[in-house]
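User: I have a structure open and want to learn how to read it. Can we go through it feature by feature?

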Amino acid sequence: MKPRRVQSIAATCGALMVVGCGSAGPSRAPSDVVTPEQAKQAYLALAQGPTAAFLKAATGSLREISTAQASLLASPEAVPDPSTTHDVTVWVGHQSSYPASFLCIDSMGVSGRPTTPYLFRLDRASASAPWTVSYQMQFASPADIPAVALDGSGYAQSVSSERYGRFTASPASLARDYAAYLGAGNSTDDHEFVPGQFTSGLIDANNKVIRSAAQDKHVSVTESWSITGDPVAAYLLSDGGVLVLLGVRATAHAVPRSGTITIVQDGRGVTAPAPGKYRDTTTVSLLLAAFTVPPKGSADKVSAVAGYNGAVSSTGTPPT
């Protein structure tokens with residue numbers, strides 16, 4: 001499946017079903033359970049395998065998005081595009097026990113054409129368990145790839161909850177802050193988040209869809225946001241900040257000003273309910289996003305650098 005940028009949550013959203021990771025690095029510490037080379041092989045096994053293998057490996061919101069989007073395809077691809085190449089880098093922390101995880105940047109090329117890089121997080125519960133994929137996102141641009149802090153051996157450093165107070169926003173509360181920001185629908189509010197594709201741009205896109213529905217279809221759309229159950233992941237950056245991965249959920253409820261809503265195209269219960277007339281419709285979308293959060297004392301704001309979203313369910317209430 002071809003990758004797409006993050007779109008309006010209120011509109012139909014695209015999907016990507018690949019995984020990435022990367023290059024071998026320095027020698028391991030005696031206690032490390034995962035080395036960069038092992039991370040690379042974990043990536044290759046998934047990236048070069050059938051789509052079904054990715055669906056099985058995906059977890060949380062990523063699994064919901066990927067499964068829902070796959071159901072929209074008439075004939076899902078069996079294997080990745082053979083013309084796809086991978087220019088990859090992994091960020092692996094020192095880990096002496098399981099569960100273990102790592103981040104990966106994949107600057108893929110398709111048919112010789114470069115694509116905007118992607119960010120992934122792979123997880124493993126035990127030495128005998130398969131690798132799973134909890135996060136997958138596309139960067140707004142290559143310039144947005146953050147500089148993750150590496151130790152003298154070239155290993156990354158995850159940030160524990162005890163250190164969350166060192167940053168301008170706690171990784172533990174960032175998902176709730178982000179959901180509240182998107183839910184307010186004010187793209188000019190920049191007190192916490194830097195304007196951009198995944199912040200003010202996403203709000204503007206959603207507001208445009210809501211206005212269009214009201215003007216052209218005489219349908220009122222209300223949108224609410226909440227956090228998901230996806231685990232928050234935090235990694236130290238070279239500037240003293242932190243890279244945070246999180247998930248949020250959007251629920252769009254559409255009600256006609258009079259009469260009913262007529263659905264013509266079958267959204268397979270993902271982007272729309274089955275064709276017919278409804279008193280209202282409710283569409284749920286999920287958004288995974290990555291942020292860079294400055295260290296405490298910095299004048300900089302929180303910046304959203306990558307994202308990935310998709311509609312996962314759509315239902316309607318038949319007229320009585």
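Analyst: Start with helices and strands. Helices (H or I, at least four residues) and strands (E, at least two) are DSSP runs, numbered from the N terminus. Just after helix α4, glycine 185 takes a positive phi of about 70°. Likewise, histidine 218 follows α5 and has a positive phi, near 55°.

User: What kind of model is this, and how are residues numbered?

Analyst: This is a predicted model, where local features need pLDDT of at least 70, side-chain atom pairs count only at pLDDT 80 or more, and totals for chains, interfaces and linings use all residues. Residues are numbered from 1 along each chain as its sequence is written, and side-chain values use heavy atoms, with hydrogens and water left out.

User: How many residues does α4 have, and what length is expected?

Analyst: The expected span of a helix is 1.5 Å times one less than its number of residues. Helix α4 has 14 residues. From first C-alpha to last it reaches 20 Å, close to the 20 Å expected.

User: Which residues of α4 are buried?

Analyst: First the cut-offs. Buried means under 20% relative accessible area, exposed means over 50%, and partly exposed is in between (1.4 Å probe, protein chains only). In α4 the buried residues are Pro171, Leu174, Ala175, Tyr178, Ala179, Tyr181 and Leu182. They cover an arc of only 160° around the axis, which puts them on the same side of α4. The arc is that of the directions from the helix axis to the C-beta atoms. On the other side, Ala172, Arg176, Ala180 and Ala184 are exposed.

User: Now strands. How do β3 and β6 pair?

Analyst: Two strands pair if DSSP finds at least two bridges between them. Strand β3 (residues 100-106) and β6 pair in the antiparallel sense over 7 bridges. Here serine 101 stands opposite aspartate 123 in β6. Strand β6 is also joined to β7 by 6 bridges, and these two run antiparallel. Leucine 119 faces methionine 137 in β7 across that pairing. Strand β6 (residues 118-124) is mostly covered, with 6 of its 7 residues buried.

User: Which strands stand at the edges of the open sheet of 3 strands?

Analyst: The order in that sheet is β1-β4-β5, with antiparallel pairing. β1 (84-85) and β5 (113-114) stand at the edges, each with a single partner strand, so one side of each is left without a neighbour in the sheet. β1 pairs with β4 (residues 109-110) over 2 bridges. Threonine 84 stands opposite valine 110 in β4.

User: What is a nonpolar core, and how many residues has the largest one?

Analyst: In soluble globular proteins, nonpolar side chains tend to be buried together. A nonpolar core is a set of buried Ala, Val, Leu, Ile, Met, Phe, Trp, Tyr and Cys residues joined through side-chain atoms within 4.5 Å. The largest here has 47 residues. Those with the most contacts inside it are Phe102, Leu122, Met137, Leu243, Leu245 and Ala290. Apart from it lies another core of 30 residues, among them Phe193, Val242, Val244 and Ala304.

User: Is arginine 249 buried or partly exposed?

Analyst: At 26% relative accessibility, arginine 249 counts as partly exposed. It is found in strand β10 (residues 242-256). Beyond four places in sequence, its contacts include Trp225, Thr228 and Val284. A polar atom of its side chain lies 3.4 Å from the backbone oxygen of isoleucine 227.

How values were computed
Contact means heavy atoms within 4.5 Å. A polar contact is a pair of N or O atoms within 3.5 Å; within protein, one must be able to donate a hydrogen and the other to accept it, and residues adjacent in sequence count only if both atoms are side-chain atoms.
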